[in-house]
Structures are given as C-alpha cells and as structure tokens.
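Look over the sequence and the model before you read on.

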Amino acid sequence: MSDTTVGRAELDAARLLLARMGISPADLVEAVSDRPPAPTFAEYVPVVAAAVSDGTRRAYGSYWKRVLEQWGQRRLDEPTPSEIEQLAEYAKTHVVARRNARGGRSAAEHLIAALRCLYKRAVADGIIAAGDNPALKVT
C-alpha cells in the first residue's frame, strides 16, 4: 500500500474511533463548512497591527505594507508556502540598497517573520487552524 492510499482497515478503524467519540463523518464535513470565510489581508493586518507592541509594529510594519500591496484582497487562508517564498524573493530583489545590505537576505527573512506573526495571531483568533499556517512551512 502506498503512502497516499488508505486501506479498508484504516477506514474501519477511523469509523470505529469516530463512533466511540459520538462523531459522524457528516459532523466533520459540517464542522469545516461552519467556519466563516477568512478575512482578507487588508481587513486583518490593521487588527494585528493594533494588537502588537509598538516595537513589533515598527519592525514588521513595512513588511505588512508590502504584503498589503501584493495580497491585500486575498484571504488569509489562500497563500501557500510556495507563494510566501515567492513574495520573500520579491522582497529580496526589491530591497532598498544600503551600505550594510546583505543582498536582500534579511528583507526576505523579515518578511517571513512578519507573516509568521500575522498568522500566529490568526491561529489565536480562531481564523485558521494551527496546522494550516503556511508561514510555518517556510524555511
């Protein structure tokens, strides 16, 4: 059996476990659809910015602005880890050149850190599940 194939024994075990917990497979499907749609970045970034400390806002504000420019109308649950990496590369290549610059590497790192902060809040607010946080899947 391959990693992507679920056998009959596994399905029977899952049904038995759900039955013992008093949960039907339909309950699982309904629970997913009960969650309201995730807000857009344009809607949620100001919420996070208002909730964090002044220092965090100063550190991440310019990166959140970049996220808003690129993804403002997208919902939080839409970007994939690959898209976050693409946005980090964009930040790296469009960095303001300074004397102590490292070729944009720190800009990419800070953008990912800013998204991790934002998604950490989204998990805490119940907007997305912890396992659905795409920023944690980016190195």
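Q: How many helices and strands does the protein chain have?
A: This is a predicted model. From the N terminus on, its elements run α-α-α-α-α-α. The count for the protein chain is six helices and zero strands.

Q: What share of the contacts with a separation of 6 or more comes from residues 24 or more positions apart?
A: Contact here means heavy atoms within 4.5 Å. Take the contacts in the protein chain with a separation of 6 or more. Residues 24 or more positions apart account for 66%.

Q: What share of the residues in the protein chain is buried?
A: A residue counts as buried when its relative accessible area is under 20%. The protein chain has 139 residues. The buried share is 29%.

Q: Are H3 and H4 roughly parallel or roughly antiparallel?
A: H3 covers residues 41-51 and H4 covers residues 54-71. They pack at an angle of about 175°, with axes 10 Å apart. Angles over 145 degrees count as roughly antiparallel. H3 and H4 are therefore roughly antiparallel.

Q: How many charged residues are in the contact of H3 with H4?
A: On the H3 side are Phe41, Ala42, Val45, Val48, Ala49 and Ala50. They meet Arg57, Trp64, Val67, Leu68 and Trp71 in H4. By class, ten residues are nonpolar and none is polar, and the charged count is one.

Q: How are H3 and H6 oriented to each other, and what angle is behind it?
A: H6 spans residues 105-124, and its axis is 10 Å from that of H3. Angles of 65 to 115 degrees count as roughly perpendicular. H3 and H6 are therefore roughly perpendicular, at an angle of about 90°.

Q: How many nonpolar residues are in the contact of H3 with H6?
A: Phe41, Tyr44, Val45, Val48 and Ala51 in H3 meet Leu115, Leu118, Tyr119, Arg121 and Ala122 in H6. By class, no residue is polar and one is charged. The nonpolar count is nine.

Q: Is Thr40 buried or exposed?
A: Thr40 lies in the loop between H2 (25-34) and H3. Beyond four places away in sequence, Thr40 touches Gly72, Gln73, Arg74 and Arg75. Its relative accessible area is 13%. The cut-off is under 20%, so Thr40 is buried.

Terms used
Residues are numbered from 1 along each chain as its sequence is written. This is a predicted model: local features need pLDDT of at least 70, side-chain atom pairs count only at pLDDT 80 or more; totals for chains, interfaces and linings use all residues. Side-chain values use heavy atoms; hydrogens and water are left out. Axes are lines fitted to C-alpha atoms, for helices over the stretch in contact, and angles run from 0 to 180 degrees between N-to-C directions. Helices (H or I, at least four residues) and strands (E, at least two) are DSSP runs, numbered from the N terminus. Angles under 35 degrees count as roughly parallel, over 145 as roughly antiparallel, 65 to 115 as roughly perpendicular and the rest as oblique. Ala, Val, Leu, Ile, Met, Phe, Trp, Tyr, Cys and Pro count as nonpolar, Asp, Glu, Lys and Arg as charged, and the others, Gly among them, as polar. Buried means under 20% relative accessible area, exposed over 50%, partly exposed in between (1.4 Å probe, protein chains only).
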